[in-house]
Structure formats: C-alpha cells, structure tokens
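Trainee: I'd like to learn how to read a structure like this one. Could you take me through it step by step?

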There are 2 protein chains.
Amino acid sequence: MIDRDVAFERIREAGLRLTPQRRAVIEELSGDRSHPLAEDVASRVAMRVPGVSLSTVYKILHELGDLDLIRELSLPGAMRFDPDTESHAHLVCPECNDIIDVPLDPATTDVLSGAAEKATGADVSHMEITLYGTCAACGPRA
Amino acid sequence: MIDRDVAFERIREAGLRLTPQRRAVIEELSGDRSHPLAEDVASRVAMRVPGVSLSTVYKILHELGDLDLIRELSLPGAMRFDPDTESHAHLVCPECNDIIDVPLDPATTDVLSGAAEKATGADVSHMEITLYGTCAACGPRA
DNA sequence: GTCGGTGCAAAATATTTGCATTGTG
DNA sequence: CACAATGCAAATATTTTGCACCGAC
C-alpha cells in the first residue's frame, strides 16, 4: 500500500467514511509483507478495535481492492491480501506453503498485458502471477 | 491434455488402476477448453458413469494434477481445471466471468521462472498467470 | 482374492448475506 | 440526525475426510 495517508484520502474521495475499522485495516496492512488471510487481518485489527467482525473485515478488504489500494490474491486454499500493488510475482512453495515476493521487470508485465490485449481484445487492469516450486529452504539438502 | 491414451499410460505407470471413473474424467477433460469447475466435470462424467460421486471426481482431478496431466487453476470463487499444460495465461473478465486462453511466447515464461529462481533460489515447476480486465464483448461499445 | 478405489454422509473451511443497531460526518 | 457502516448469526459454497462396500488386476 502506497501510504497510510494517501489511502485515507482515497477512502474519503470515494465517499466512504473513515471509521476506526477501516483505519485499522489500512494501518495493519500498510507495510505488511506476509500476504495475510482475511482472518489474520481480522485478528490483528482486533487488537486495535476490540470486537471487529470478520465480515466487516471482508467488506473493507474488498473495498480496498476495488480502490486499488491493495491486491486480492487468489491462492490455493483461500484469498490473501497484499498491500503491494506494484507489479511483482509470488513464489509458492508446496512443501512449506510459504509465499515469497518475486520482483519483476516492468517490461515483462508489459509483454503479458500486450499479449492478452492482442489475443483477446480485452482491456487489462492488472494481473496475478503465481509460480509454484520448492523454495530454497525446502529444496534438496546440499 | 496431451492425449487420451498417453494419459491412460501415465495412470498405469503411476501404479493406479484404470477405473471407469478415471477413464471418463480423462476423456471428458481432454480437448476441453472451458476451464470447468469440479462440479462441471462431475456432471459430464455422470453421463458416462451414472452415480459418480463428486468426492471421487475431486480425488481424480488432484491425481491428474499431480501427474502433470492437467493444471489446477486457483481462480476467484473456486478451482478450475485445465487439460492444457502448455504455458499460457488466462484472461478473466470481471463483468461476464468468462475465462479466455492467452497464448504466450515460451521466452516470456522462461523470463518469469528465471526471475523467481534468481530471486528466491527456488526450483520452479510451473506457474499460473491470470490477467484481469474487461473483455472485448463487455468492453466500451464502439 | 487382495487391496486400491468408490460412494455416501458428515465435517471443515471460506466467504457472503440480511437485518437490527451504532456512530460518523 | 440521516444514512452509511458495523456486528451478529445464519446461509451458502467449496473441498476434504472417514469408512464400509465394491471391483480392477
């Protein structure tokens, strides 16, 4: 997520109210690199706002996704949420289920949207790239 | 999926029995381009093998994924199954939920696995690339 | 005949929805 | 003080699991 205050601003621009729940979700997520589940976000938010409901957290996460403040990742098992909306891929290790960020050359993602727009005539807004493979920690012992 | 008979062969090589259920799942899936849900596969298979259970279809689909005969796609809402294991991307239209294949230059996927292996030290086995955007049919009317 | 495979039913997990209540602007 | 937003509980959807029975080899 770009910046806490930029996010607050965009929330208001969208005509939404800056409730303690929204504020807490944004603050817990900004800077997070762990690709949390909705439930992870909810339990962290609960430390700041006792009593938050999981369904409210789901609603807020979808709103932030719609506003392009976070990315919603469709990973095996469940959705995960990523405050980093810059183009990057994810490496998922089937052994330990760890999710590792993979930086990408912008040229590569341009090639992908170009290929999709040419092949389908669609207007690509964003993409999700997931690579599967044994991570270094789980890999063949040296 | 490469070929019906190649798939049967690989099933046997893996020490699995060629049951009518496995045969039907393979035959219904090979050549399919619709990215079906598990339930879609089950209902088609049911025409050939009355009484197949959904849980058996799930098990068979996972086996085929493990044997690399199909790909399991983690798309929003639910898993979908793709007999085409060659590298290609998917364009998902948020309007109509249609899923369109996007052919890719092998060089592009090589760049991606290269980036991931360099960045994380992982051994990439395969990848899933999903692009989101309004498709031509749903796009701005001319 | 053996042992893997299947069907059934129930469980587990993830996410959505409706509605009464609350609190931001 | 209006109306959006929240919390709760129940509903929905997807996928997994345990076990008794069946059938491929």
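**Reading the contacts**

Mentor: Let's start with one contact: in this predicted model, an N or O atom in the side chain of B:Q21 is 2.8 Å from a sugar or linking oxygen of DNA strand C. That is a polar contact, meaning a pair of N or O atoms within 3.5 Å; within protein, one must be able to donate a hydrogen and the other to accept it, and residues adjacent in sequence count only if both atoms are side-chain atoms.
Some ground rules: residues are numbered from 1 along each chain as its sequence is written, while chains are lettered from A and ligands numbered from 1 in the order in which they are written. Because the model is predicted, local features need pLDDT of at least 70 and side-chain atom pairs count only at pLDDT 80 or more, whereas totals for chains, interfaces and linings use all residues; side-chain values use heavy atoms, with hydrogens and water left out.

Trainee: Which atom of B:T56 lies 3.0 Å from a phosphate oxygen of DNA strand C?

Mentor: A polar side-chain atom of B:T56.

Trainee: Which residues come nearest to DNA strand C?

Mentor: A residue is near a strand if one of its heavy atoms lies within 4 Å of it. Of the 22 residues around DNA strand C, the nearest are A:R17, A:Y58, A:H62, B:T19 and B:Q21.

Trainee: Now the two chains. How many residues of chain A are in contact with chain B?

Mentor: With contact meaning heavy atoms within 4.5 Å, 34 residues of chain A meet 34 residues of chain B. Buried area is the accessible area (1.4 Å probe) that two parts lose on being put together, summed over both. Here that is about 2,500 Å², with carbon and sulfur atoms giving 69%. A:L112, A:L131 and A:Y132 supply 22% of what chain A buries against chain B, more than any other three residues.

Trainee: How many salt bridges are there between chain A and chain B?

Mentor: The count is 0, where a salt bridge is a side-chain nitrogen of Lys or Arg within 4 Å of a carboxyl oxygen of Asp or Glu. Polar contacts across the interface do turn up, in 11 residue pairs. On the side of chain A that touches chain B, β5(A) has the largest share, 12 residues.

Trainee: How do β5(A) and β5 of chain B run?

Mentor: Strands pair if DSSP finds at least two bridges between them. These two run antiparallel, joined by 11 bridges. A:D123 stands opposite B:T134, and A:M127 has B:L131 as its bridge partner. Inside chain B, strand β3 (residues 88–92) runs parallel to β5(B), with 3 bridges; there B:H90 stands opposite B:T130.

Terms used. Helix = DSSP H or I, 4+ residues; strand = E, 2+ residues; numbered from the N terminus.
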